[in-house]
Amino acid sequence: MISHQDALIYTMVMVSAADNDITDAELSAMARRVRYLPIFAGFDSERLTEVTRDCAARLAEDDGLDNTLILIRDALPKKLRETAYVFACEIVLSDGEISQEELRILELIRHRLDIDRLVGAAIERAMAARYLRPADV
């Protein structure tokens, strides 16, 4: 079993690694969340690299994606599952490029964490509005 903080990090790592390219922007976005958001109070931010590596190792195993999603779901209380989905969406949007692989992982996360379809759509729309770039206007 992993902690709820580790599960939130695993969720971010999972979407970042979906396209086999964890960008500096994605790593920076993860680090900012771990350093500054209240849910990570008491978490040693020096452990971020270790937790990231642990998640990557789990994902590389046979059935790694499914097993990691189950691990995340089991570690997160219901009230943190939407938070995990918000973090996942933010990481996907953090580098300005959204791949089909990332969209697929977001869909898997939404289903595995039992995020209501309307709630998921609202989170996705809010994130799209938040990460709007001048070129998109």
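**Salt bridges, aromatic cluster and helix packing**

R104 has a relative accessible area of 42% and is therefore partly exposed, a class between buried (under 20%) and exposed (over 50%), for a 1.4 Å probe and protein chains only. The model is predicted, so that local features require pLDDT of at least 70 and side-chain atom pairs pLDDT 80 or more, whereas totals for chains, interfaces and linings use all residues. Residues are numbered from 1 along each chain as its sequence is written, and side-chain values rest on heavy atoms, without hydrogens and water.

The side chain of R104 meets that of E107 in a salt bridge, with 3.1 Å from N to O; the term denotes a side-chain nitrogen of Lys or Arg within 4 Å of a carboxyl oxygen of Asp or Glu. Both R104 and E107 belong to helix α6, where three residues, about one turn of the helix, separate them. Helices are DSSP runs of H or I with at least four residues, strands are runs of E with at least two, and both are numbered from the N terminus. E107 is likewise classed as partly exposed, at 31% relative accessibility.

In total, eight salt bridges are present in the structure. Among them is the pair R47 and E50, whose closest N and O atoms are 3.9 Å apart. R47 is partly exposed at a relative accessible area of 26%, and E50 is also partly exposed, at 42%.

Two aromatic pairs are found in the structure. Rings of Phe, Tyr and Trp (its six-membered ring) are paired if their centres lie within 6.5 Å, and planes under 30 degrees apart count as stacked, over 60 as edge-to-face and the rest as tilted. The ring centres of F40 and F43 are 6.1 Å apart and the planes meet at 65°, so this pair is edge-to-face. F40 also pairs with F87 in a stacked arrangement, with 6.1 Å from centre to centre and 20° between the planes. This second pair connects distant parts of the chain, 47 residues apart: F40 lies in the loop between α2 (24–36) and α3 (48–60), and F87 in helix α5 (residues 78–94). F40 and F43 are both buried, as is F87. Together, F40, F43 and F87 make up one aromatic cluster.

Helix α6 (residues 100–112) packs with helix α1 (residues 4–17) at an angle of about 150°, the axes lying 8 Å apart. Axes are lines fitted to C-alpha atoms, for helices over the stretch in contact, and angles run from 0 to 180 degrees between N-to-C directions. The two helices, α1 and α6, are therefore roughly antiparallel (angles over 145 degrees; under 35 is roughly parallel, 65 to 115 roughly perpendicular and the rest oblique). From α1, the residues T11, M14 and V15 make the contact, and from α6, E102, I105, L106 and I109, contact meaning heavy atoms within 4.5 Å. By class, the contact of α1 with α6 comprises five nonpolar residues, one polar and one charged (Ala, Val, Leu, Ile, Met, Phe, Trp, Tyr, Cys and Pro are nonpolar, Asp, Glu, Lys and Arg charged, and the others, Gly among them, polar).

A126 is located in helix α7 (residues 117–130) and is partly exposed, with a relative accessible area of 39%. A126 lies 36 residues from E90 in sequence, and their C-alpha atoms are 10.0 Å apart in space.
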